Amino acid sequence: MRYDAWFRDADSGMGRWELDEIIYRSPTGGLLEVAHDMSALKQLSPAAWIRLWEGRYKRTQWPFSSGVWGKKEMVLPNIPDEDIVSLDEGGTNLFWAERFGRELGVADLWVKQCGVSHTGSFKDLGMTVLVSQVNHMIKSGKHQIMGVACASTGDTSAALAAYCAAAGITSVVLLPRGKISPAQLIQPIANNALTLALDTDFDGCMRLVQQLTEDKKLYLANSMNSLRIEGQKTISYEIVQQFDWEVPDWIFIPGGNLGNVSALYKGFEELIELGVTTRIPQIVCCQAEAANPLYLAYKNQWRDFKPVVAQETQASAIRIGDPVSRSKAIKALMKHGGKVEQASEQELADATARADRTGLFNCPHTGVALAALIKFVERGEIKASHRVVVISTAHGLKFGNTKADYHMGTLPGIVPRYANRPVELPAERTAVYDAVMRHMDKSMK
Ligand SMILES: *Cc1c(COP(=O)(O)O)cnc(C)c1O
């Protein structure tokens, strides 16, 4: 074996557990992280890594055509290729938001479309790694794993159900009843997961799934399981690759359970260690005001983190008051001087719709990040020459109901400044022609 990876304690960097052990926390109760034998990885020069990754990117050689598995040596170096469960995740488009950027005065604005993926969110990146590892453990016969379980605000369950269905593994999902979108609910149902809608919130589901998975027959798939972070961190590799190995100045990323912002930092730290890049971008973690415990801690100079009871928000996938990965996220944000911003329901709704008018089709979480970006621009913190990336976490089509409510003016408490309502008319030439002409006149003004 040329390369090696194992679990260690994420706080202390100590300890060693093999990746085929069923373990989610260190004996101290802290989170684990996947460590790699970096000295072995550094045997290859940065130029050689770049050549290898470029040769695989979006080609047809399975599994390396996947954006995640194209970086296999950095992810799970020793899993046999035939045990990998991939749905060709990653390699998502990096949208040059030219028109929206010009409106804001940020010409070099890009949206990383992580939602343009098999199940419509970035969760696919982590789930391919976790389900592949489970598949490998089941095949090796070391453990009696009967199924995989997660708590979810909608997108984790969709991803888990799809990857498990592709591999023929039983999946169990715990959802807060009535708090996820209809599209997100139908995804695990369609993929034949045992779908449990519970009378609680996400934080309640998260507590329950941790209790359930004390029985090792049921493997835990939430992002406190650090295998998922290994897939998600490839977002950093990919952004840099898509900019021809240059690091952008800013990244805005929505945060809920805070696994993804931790993953982003891990990716950038590794790229530096490999010598592929030399700096970490300014990262801004963006929360909905309705579920903002990280923002409150940041405003308090990181002195004191207190969980909150998350309130209702359009950004339902980040409606989390007690984020599991907070210690990892805070450690990285503190180390690199990262920032945290929040957005109100009005701000995120308008930012979503305003960017949609320039050709995007954003989910509300992306709207949170866009609203945060607008605040940074208005405060003059971003220079016109800066390159800015917004991480779009899910596909807007999953949130069609929320988007429709915005445009119809039926979102409670929201005055939709960018509403575009359908015009109902008799099917008659004059009426239609007049409506078109009225619209043209208005657009000319
Ligand atoms: C899961 C999710 C997030 C938040 O990611 P965390 O790792 O929980 O911070 C943001 N947006 C969408 C659409 C998600 O599904």
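Glutamine 301 is exposed, with a relative accessible area of 52%. Here buried means under 20% relative accessible area, exposed over 50%, and partly exposed in between, with a 1.4 Å probe and protein chains only. Glutamine 301 sits in the loop between α12 (293-299) and α13 (326-336). Helices (H or I, at least four residues) and strands (E, at least two) are DSSP runs, numbered from the N terminus. The phi of glutamine 301 is near 50 degrees, a positive value in a residue other than glycine.

This is a predicted model, in which local features need pLDDT of at least 70 and side-chain atom pairs count only at pLDDT 80 or more, while totals for chains, interfaces and linings use all residues. Residues are numbered from 1 along each chain as its sequence is written, and side-chain values use heavy atoms, with hydrogens and water left out.

Most residues other than glycine have a negative phi, and most peptide bonds are trans. Lysine 58, not a glycine, has a positive phi of about 60 degrees. Lysine 58 lies in the loop between α2 and α3. Proline 63 is found in the loop between α2 (46-56) and α3 (72-75). A cis peptide bond joins tryptophan 62 to proline 63, with omega about 0 degrees.

## Ligand site

The ligand has 14 residues around it; Lys123, Asp155, Gly256, Asn257 and Thr393 come nearest. A residue is near a molecule or strand if one of its heavy atoms lies within 4 Å of it.

Polar contacts are pairs of N or O atoms within 3.5 Å; within protein, one must be able to donate a hydrogen and the other to accept it, and residues adjacent in sequence count only if both atoms are side-chain atoms. A polar side-chain atom of threonine 393 is 2.8 Å from a nitrogen atom of the ligand. Backbone polar atoms also take part: asparagine 260 has one 2.8 Å from a ligand oxygen, and glycine 259 has one 3.2 Å from a ligand oxygen. Taken alone the ligand exposes 380 Å², and the protein buries 97% of that. Accessible areas come from the Shrake-Rupley method with a 1.4 Å probe; for residues, only the protein chains shown count as cover.

## Salt bridges

The structure holds 27 salt bridges. Each is a side-chain nitrogen of Lys or Arg within 4 Å of a carboxyl oxygen of Asp or Glu. Glutamate 103 and arginine 354 form one at 3.3 Å, N to O. This pair links distant parts of the chain, 251 residues apart: glutamate 103 is in helix α4 (residues 98-104) and arginine 354 in helix α14 (residues 345-356). Glutamate 103 is partly exposed at 42%, whereas arginine 354 is buried at 18%.

Aspartate 322 and arginine 326 meet at 2.7 Å, N to O. Aspartate 322 is partly exposed at 31%, and arginine 326 is partly exposed at 27%. Glu230, Lys233, Lys266 and Glu270 are linked in a network of salt bridges.

## Cysteines

The structure holds zero disulfides. A disulfide is a pair of cysteine sulfur atoms within 2.5 Å. For cysteine 164, the nearest cysteine sulfur is that of cysteine 150, 8.7 Å away. Cysteine 164 is buried, at 0% relative accessibility. The sulfur of cysteine 286 is 6.4 Å from the closest cysteine sulfur, in cysteine 285, so the two are too far apart for a bond. Cysteine 286 is buried, with a relative accessible area of 0%.
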